[in-house]
Amino acid sequence: MALQVASGAGCCGCLSLVAPRRRAAAFLPPRAVASDSAAVEDGNKTVLGGSGVAVTKLGIGAWSWGDTTYWNDFQWDDRKLKAAKGAFDASIDSGITFFDTAEVYGAGVSGAINSESLLGRFIKERQQKEEVEVAIATKFAALPWRFGRGSVLSALKSSLSRLGVSSVESYQLHWPGIWGNEGYLDGLADAYEQGLVKSVGVSNYSEKRLRDAYKLLKKRGVPLASNQVNYSLIYRNPEENGVKAACDELGITLIAYSPLAQGALTGKYTPANPPTGPRGRIYTSDFLSKLQPLINKIKEIGGSYDKTPTQVVLNWLICQGNVVPIPGAKNAEQASEFAGALGWSLTDQEVEELRSLAREVKPVMGFPVEKL
């Protein structure tokens with residue numbers, strides 16, 4: 001079955017629960033050139049928590065790649081495949097080298113092809129032309145039939161096989177499990193100790209769960225590098241539920257999925273032109289009407305910097321500090337635009353002005369497990 005929730009581009013919106021099956025072992029070639037903390041000196045990189053792993057200050061979410069249940073108007077074809085490849089190449093060309101995917105993106109009943117497989121293919125094709133530096137983050141699905149630390153290592157090895165690499169920069173628990181979470185965290189630590197991952201993280205974790213995970217991993221001598229949650233100008237729940245403050249206190253990077261509120265903050269959609277598909281049931285004409293004063297202010301501020309609404313909204317998140325947004329890119333144009341959010345900064349006054357206007361907009365529902 002599939003779980004559909006209103007979350008965001010780049011993460012957890014449509015999760016497919018597929019029965020486990022055996023996978024053939026695959027040869028794992030040496031991984032791509034990895035980023036390291038020394039690369040932070042270029043100004044457009046940051047380190048994930050206390051891990052020492054450097055990534056670009058803005059990443060690309062690959063949830064839509066291969067998906068046919070929430071994105072892509074329920075279909076996947078060669079045109080969309082080429083567009084996704086264009087998004088990857090444009091990201092690399094623009095200096096964005098951090099990509100977030102997951103084993104459930106595009107998998108089973110939720111899509112035509114696994115997002116991890118596509119990302120691995122894109123990296124391999126690019127490396128045939130030139131050496132590229134890519135930082136990969138992927139995620140473990142805490143499915144009810146998965147038990148213990150061994151399930152984490154097994155799933156990770158399948159992900160590495162699909163990606164065509166021997167290790168990844170970040171491996172995250174996609175959401176809290178119904179049970180067995182301590183075992184899952186031990187599995188992350190095992191993977192870290194075995195050199196299969198360079199850092200570990202969680203996703204959709206509440207403040208309490210985050211603190212508990214931090215303590216458990218600390219006992220193993222493993223830093224908890226990140227917590228990936230729904231966070232945008234109009235969904236500021238991490239600020240209100242203690243997650244952002246806890247991340248800042250503990251030195252855990254907050255990775256923000258749905259930073260553009262699934263496109264609602266880009267200015268592309270209007271009351272007369274709402275999004276299609278499942279997003280149209282969330283970002284309705286009525287909601288978009290209430291959003292217009294904020295969109296108008298975003299456009300006004302962007303005009304003074306020669307920046308688009310998308311770039312302003314992403315920069316707003318970066319200005320919060322200790323936040324790495326991962327907007328989803330479906331084509332080269334989007335990926336190139338995202339890069340324009342880097343290298344400049346809104347003023348403190350503009351940041352608060354946008355926050356004040358955003359308070360007038362009632363946020364849409366987040367991922368249900370955030371409250372567990």
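User: What should I know about the numbering and the model before we start?

Analyst: Residues are numbered from 1 along each chain as its sequence is written, and side-chain values use heavy atoms, with hydrogens and water left out. Because this is a predicted model, local features need pLDDT of at least 70 and side-chain atom pairs count only at pLDDT 80 or more, while totals for chains, interfaces and linings use all residues.

User: How many helices and strands are there in the protein, and what makes a run a helix or a strand?

Analyst: There are 12 helices and 12 strands in the protein; both are DSSP runs numbered from the N terminus, a helix being H or I with at least four residues and a strand being E with at least two.

User: Why is Ser232 called buried?

Analyst: Buried means under 20% relative accessible area, exposed means over 50%, and partly exposed is in between, with a 1.4 Å probe and protein chains only. Ser232 has a relative accessible area of 1%, so Ser232 is buried. Ser232 is found in the loop between strand 10 and helix 6 (237–240). Not counting residues up to four places away in sequence, Ser232 touches Ser258, Pro259, Ala261, Leu265, Trp316 and Leu317, where contact means heavy atoms within 4.5 Å.

User: Why is Phe147 called exposed, and why does Trp179 count as partly exposed?

Analyst: The relative accessible area of Phe147 is 56%, and therefore Phe147 is exposed. Trp179 has 41% relative accessibility, so Trp179 counts as partly exposed.

User: What makes the rings of Phe147 and Trp179 a stacked pair?

Analyst: Rings of Phe, Tyr and Trp (its six-membered ring) pair if their centres lie within 6.5 Å, and planes under 30 degrees apart count as stacked, over 60 as edge-to-face and the rest as tilted. The ring centres of Phe147 and Trp179 are 6.3 Å apart and their planes are at 0 degrees, so the pair is stacked. Phe147 lies in the loop between strand 7 (135–140) and helix 3 (148–163), and Trp179 in the loop between strand 8 (170–173) and helix 4, so the pair ties together parts that are 32 residues apart in sequence.

User: Why is the pair of Trp65 and Phe122 called edge-to-face?

Analyst: The centres of Trp65 and Phe122 are 5.4 Å apart with 65 degrees between the planes, and therefore the pair is edge-to-face. Trp65 lies in the loop between strand 5 (60–61) and helix 1 (78–93) and Phe122 in helix 2 (residues 115–127), so the pair ties together parts 57 residues apart in sequence. Both Trp65 and Phe122 are buried, and ring pairs link Trp65, Phe88, Phe99 and Phe122 into a cluster.

User: How do you know that the length of helix 5 agrees with its number of residues?

Analyst: The expected span of a helix is 1.5 Å times one less than its number of residues. The 13 residues of helix 5 (residues 207–219) should therefore span 18 Å, and the end C-alpha atoms of helix 5 are 19 Å apart, which agrees.

User: How do you know that the buried residues of helix 5 are on the same side?

Analyst: The buried residues of helix 5 are Leu210, Ala213, Leu216 and Leu217. They cover an arc of only 135 degrees around the axis, which puts them on the same side of helix 5; the arc is that of the directions from the helix axis to the C-beta atoms. On the other side of helix 5, Lys208, Lys215, Lys218 and Lys219 are exposed.
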